Amino acid sequence: MSGVNRRIGVRGWLLLGLVTVIVLAATGVWNPWPGVWDRVNRSTPISEPDVVWQQRIGGTPRSVTIAGDAVIVEQRTRVEARSLATGAQLWDRKADWSAVAGGDRDPVVAVGKLLSKGYELLDPTTGAVRRRDGDAVGVWTYRNLLLDARCVAATDCTLRAWDPRGTSPLWTAFLPGVSTGLFADNPGLLGTRRLTASRIDGGVAGPEPVPPLLGFPVDGRVHVVDTATGRVLQDVEPGRDERLAVVGGRMLRITAVSQDGACRFTLTAHDPANGKQVWRRAGINLRTADSAGCAQREDPQGARNVLIGVAPDGREAVLDGYDGRLLQVNAEGERLMAVDDRYALVRSADRRSVLARELGADRTRWSRPAGGKSGGALTPYAAVLADEKPNRLVALDPRTGRELVVLRTPANALAVGPAGMIIGEGREIGYVRFGAGAAGPAQPPGGDPGDPGGPGPGSTGGAPGADGGGTCGPKRELCPEQGKDG
């Protein structure tokens, strides 16, 4: 009996000693097996070639944004910043939402709590509070502007515009109330919705430049605000069969009427300054309506100053929101993957390649083989492609198609910056520099990547031809036959 007790005692002491060593090693107090412990504790690399750094965060990120020298990671109840160079945590704090404003040299981070007024504007590197507001109910963040809305009563609200790092408003505008949905960060306005892709986050491009005009939905009406001056240009109520959108400096009226078992669409664009119609197109389906009686429940597809529609013959087309020109008309069977106001990524009809086309120039800039399930996105710094079977992420110069980085990885593309991108899988995120496994270091595309160009003829794609060919597409392919020769 005493021998059994001695054996139990020895085993107990050995178990206690093993637990003690593991606790000391895990806490960094004493590590008797540094090599073994490092292999156990290290996360499996999420890509090949390996990333510059890889970190495991507290939860699956809701959004990731590159803000200057920092990476802002939004989680369900926390926001944290990490060094872009090393991945080390710079700061974290409790918050229900966050959004980045400003460009590469002047970014700020707005944070706040749901169902509570107010927000704080933080320095992305230090987490220091740069400005605090206790009354705003909604915040909109852009590369070159930050907007907030304050309401002293249900029908008495003030919209204010700020330089991202400014301390006093650039302008203020009166709005007669805000929709109950205009709370927290970047609540929906009446513009366009982007094409989406599997394994590429919808916010991969970071904050966009502020459009020249914004459409605020208020109690069933649309208030059109000039973002340069704060002037409210229009207060419009849509018709029964209409949906309104503000794109490219124009107010668009999209009408969908059921006729002969199908929806017949008419699109008219108006100058918000005087309400006059400036262009009109019939038969272009902007995918705003569902099949139930042509009810329009979605914003039109597009990006920045351009719209995506479907012509009567089923081919996809890209339109200039300002003047209605057809900037790009796909060949039969081709599908748009991504678009901005410079380029379009198109999947070929045989689904074996991706083509990049310059809008308005009738020119294919480059093409490359791709699988039938490839997804794509355009950002100011790179075109991103996500392939499956095998799983790859590829970043390319959108102008030339030059490879900036090629990764064998099942991870998602979360954020793209001037010199690299953040990828992530579950709780693991990592940073890869452009030039890793590619032809050379990345150079940003020509011009200011954040400058959308002012609205107006020639501001999107190429300028309209003197012969009016822009109304029929780059090759006049949508003109009636008798109009092509004359």
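Glycine 376 stands opposite leucine 385, which is in strand S31. Strands here are DSSP runs of E with at least two residues, helices are runs of H or I with at least four, and both are numbered from the N terminus. Two strands pair if DSSP finds at least two bridges between them. In general, strands of a sheet pair through backbone hydrogen bonds, either parallel or antiparallel.

A word on the model. It is predicted, and local features need pLDDT of at least 70, side-chain atom pairs count only at pLDDT 80 or more, and totals for chains, interfaces and linings use all residues. Residues are numbered from 1 along each chain as its sequence is written, and side-chain values use heavy atoms, with hydrogens and water left out.

Back to the sheet. It is open, has four strands in the order S30-S31-S32-S33, and its pairing is antiparallel. Which strands stand at the edges? They are S30 (375-378) and S33 (403-408); each has a single partner strand, so one side of each is left without a neighbour in the sheet. From one strand to the next, the twist averages 10 degrees; axes are lines fitted to C-alpha atoms, and angles run from 0 to 180 degrees between N-to-C directions.

Now the whole chain. The protein chain has three helices and 36 strands. Of its 486 residues, 50% count as buried, where buried means under 20% relative accessible area, exposed over 50%, and partly exposed in between, with a 1.4 Å probe and protein chains only.

Next, the cores. A nonpolar core is a set of buried Ala, Val, Leu, Ile, Met, Phe, Trp, Tyr and Cys residues joined through side-chain atoms within 4.5 Å. The largest has 22 residues, and those with the most contacts inside it are Ile200, Val416, Met421, Ile423 and Phe434. S31, S32 (392-396), S33, S34 (412-416) and S35 (420-425) each supply at least two residues of this core. S33 gives the most, three residues. Leaving aside neighbours within four places in sequence, methionine 421 is in contact (heavy atoms within 4.5 Å) with residues including Leu393, Val405, Leu407 and Phe434. Apart from this core lies another, of 19 residues, among them Tyr142, Trp171, Val178 and Phe216.

Last, charges. Side chains of opposite charge can pair when their charged atoms come close. A salt bridge is a side-chain nitrogen of Lys or Arg within 4 Å of a carboxyl oxygen of Asp or Glu. By this rule the count comes to 32 salt bridges.

Arginine 194 and glutamate 208 meet at 2.4 Å, N to O. Both lie in the loop between S14 (184-185) and S15 (213-218), so the pair ties together parts that are 14 residues apart in sequence. Arginine 194 is partly exposed, at 32% relative accessibility.

Glutamate 334 bridges to arginine 357, with the closest N and O atoms 2.9 Å apart. Glutamate 334 is in the loop between S25 (326-329) and S26 (335-339), arginine 357 is in S28 (residues 353-358), and the two are 23 residues apart. Are they buried or exposed? Glutamate 334 is buried at 12%, and arginine 357 is buried at 13%.

Arginine 130 pairs with aspartate 123 at 3.7 Å between the closest N and O atoms. Here arginine 130 is partly exposed at 41%, while aspartate 123 is buried at 14%.
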